[in-house]
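Biologist: I would like to learn how to read a structure model, one feature at a time. Can we begin with packing?

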Amino acid sequence: MKASDISIDKNISLLFKGPWGHGKTLAAASFAIDGPVFLAYFDKKKPIELVTYFRQFGDVGRRILNNIEYEVYGAENAEQYLIKVISMTKDCRYSAFITDSVTNLTSAAINWSLSFRDDRKKKEVLKIIPDWDDYKVETNMASKALDICRTLPCNIIWIAHPIASTKIEGSGSSQKVSKVNKLVSYGSKVADIVPGNFSEIYHFSKQSSWDGNGKATTKYLVSFDAIGDDFAKSNIGLTGEIDITDKLFYSVWKERVQQFSKELDDEVKRNAEKTAANSEIVNPFANATTAQSDNMLQPPNTNKWKT
């Protein structure tokens with residue numbers, strides 16, 4: 001494979017993060033404009049928000065809904081999610097594979113592991129308190145899914161709902177207490193592993209305002225840059241933020257990517273033309289030097305000494 005063949009708008013990995021109800025699932029599902037997508041859904045009983053939102057877009061919305069295939073996963077069938085991911089290596093018929101969300105995936109993995117606990121002492125409490133083995137199951141399930149997803153020939157989208165928690169470091173007078181936003185519900189390893197597997201990490205937020213009559217309006221924004229504790233990044237070069245209020249994320253995002261790609265191509269072209277122009281600069285002393293060298297090679301004119 002050659003780096004020159006890499007496309008910045010196809011088969012990329014995206015992590016959508018932000019509080020609940022900020023449009024992450026809808027943004028990921030909008031990739032169905034481009035073709036069939038699979039939604040591995042851990043969050044609720046079913047993704048009913050898809051119907052209520054995309055219905056407003058008429059024929060385009062109906063095409064999106066028809067292109068979305070989904071399965072609901074939880075503690076009772078968490079292993080089926082990993083089986084589905086593995087099966088994608090042999091038959092990836094989708095333009096995007098969505099995991100919604102890694103936050104609930106980790107809790108499902110823990111609870112699924114607890115169901116195999118050997119309760120010889122007949123103490124039900126043993127089935128609700130995880131130990132190291134359960135955390136290993138959580139880490140292995142998430143890391144294996146990530147490892148396989150990297151090889152799939154489609155867009156990979158994972159969704160996370162950061163959970164605010166307190167981090168205490170040191171002790172005594174040197175003790176430091178800080179606020180952290182974890183991507184997962186349980187162990188800490190998965191939260192550290194996940195971000196490094198994605199080239200694009202976008203933060204979703206809402207902005208509310210009120211007019212003179214007390215009427216509130218809400219904007220749904222997606223940031224490509226880190227803001228305070230809310231980290232984000234874009235390896236394909238996107239900056240700033242986009243407004244996706246009552247819009248299809250995929251359409252707005254793709255337009256932004258194509259615009260950036262065009263600007264990048266234009267800059268490369270300008271630099272190439274500038275380099276070519278500089279190589280054509282004529283040395284003003286070149287002819288004079290050549291003429292001087294030629295004169296030095298000519299025999300002296302002896303006619304002027306004759307009388």
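Biologist: Which elements do the buried residues of α8 pack against?

Modeller: They pack against β1 (13–17), α1, β8 (200–210), β9 and β11 (241–243). Contact means heavy atoms within 4.5 Å. Buried means under 20% relative accessible area, exposed over 50%, and partly exposed in between, with a 1.4 Å probe and protein chains only. Helices (H or I, at least four residues) and strands (E, at least two) are DSSP runs numbered from the N terminus.

Biologist: What should I know about the model before going on?

Modeller: It is a predicted model, in which local features need pLDDT of at least 70 and side-chain atom pairs count only at pLDDT 80 or more, while totals for chains, interfaces and linings use all residues. Residues are numbered from 1 along each chain as its sequence is written, and side-chain values use heavy atoms, with hydrogens and water left out.

Biologist: Which residues of α8 are buried?

Modeller: F249, Y250, W253 and V257 are buried in α8.

Biologist: How is the length of a helix checked?

Modeller: The expected span is 1.5 Å times one less than the number of residues. Helix α8 covers residues 249–279, so its 31 residues should span 45 Å, and its end C-alpha atoms are 45 Å apart, which agrees. For helix α5 (residues 102–114), the 13 residues should span 18 Å, and the end C-alpha atoms are 18 Å apart, so this agrees too.

Biologist: How many residues of α5 are buried?

Modeller: Twelve of its 13 residues are buried, so α5 is mostly covered. Among them are V102, T103, N104, W112 and L114.

Biologist: And for the chain, what percentage of residues counts as buried?

Modeller: Of the 307 residues, 37% count as buried. The chain has nine helices and eleven strands. For contacts between residues at least 6 apart in sequence, 67% join residues at least 24 apart.

Biologist: Why is strand β5 said to be largely enclosed?

Modeller: Strand β5 spans residues 155–160, and six of its six residues are buried, so the rest of the structure largely encloses it. One side holds N155, I157 and I159, the other I156, W158 and A160, and both faces are covered.

Biologist: Which strands are joined to β5 by bridges?

Modeller: Two strands pair if DSSP finds at least two bridges between them. β1 runs parallel to β5 and is joined to it by five bridges; K17 has A160 as its bridge partner in β5. Strand β4 (residues 96–100) also runs parallel to β5, with five bridges, and F97 has I156 as its bridge partner there.

Biologist: How is empty space found?

Modeller: Rolling a probe the size of a water molecule over the atoms shows where empty space is left. On a 1 Å grid over the protein atoms alone, a cavity is a set of points where a 1.4 Å probe fits but cannot get out, whereas a pocket is an open set with protein on both sides within 12 Å along at least five of seven lines; lining residues have an atom within 4 Å of a point. Grid points are joined across faces, edges and corners, and a volume is the space filled by probe spheres set on the points.

Biologist: What volume has the largest pocket, and which residues are closest to its centre?

Modeller: Its volume is about 350 Å³. Of the 21 lining residues, G21, H22, G23, K24 and L26 are the closest to its centre. α1 (24–29), α2 (49–54) and β9 (216–223) each give two or more residues to the lining, and α1 gives the most, with four. The lining divides into eight nonpolar, seven polar and six charged residues. Ala, Val, Leu, Ile, Met, Phe, Trp, Tyr, Cys and Pro count as nonpolar, Asp, Glu, Lys and Arg as charged, and the others, Gly among them, as polar.

Biologist: How many residues line the second largest pocket?

Modeller: The second largest pocket holds about 280 Å³ of space. It is lined by 15 residues, of which N11, I12, S13, R150 and S199 are the closest to its centre. Its lining has eight nonpolar, five polar and two charged residues.

Biologist: Which peptide bond is cis?

Modeller: The bond from D100 to S101 is cis, with omega near 5°. S101 is in the loop between β4 and α5.

Biologist: Is D246 buried or exposed?

Modeller: D246 has 55% relative accessibility and so counts as exposed. D246 sits in the loop between β11 and α8, and its phi is near 55°, a positive value in a residue other than glycine.
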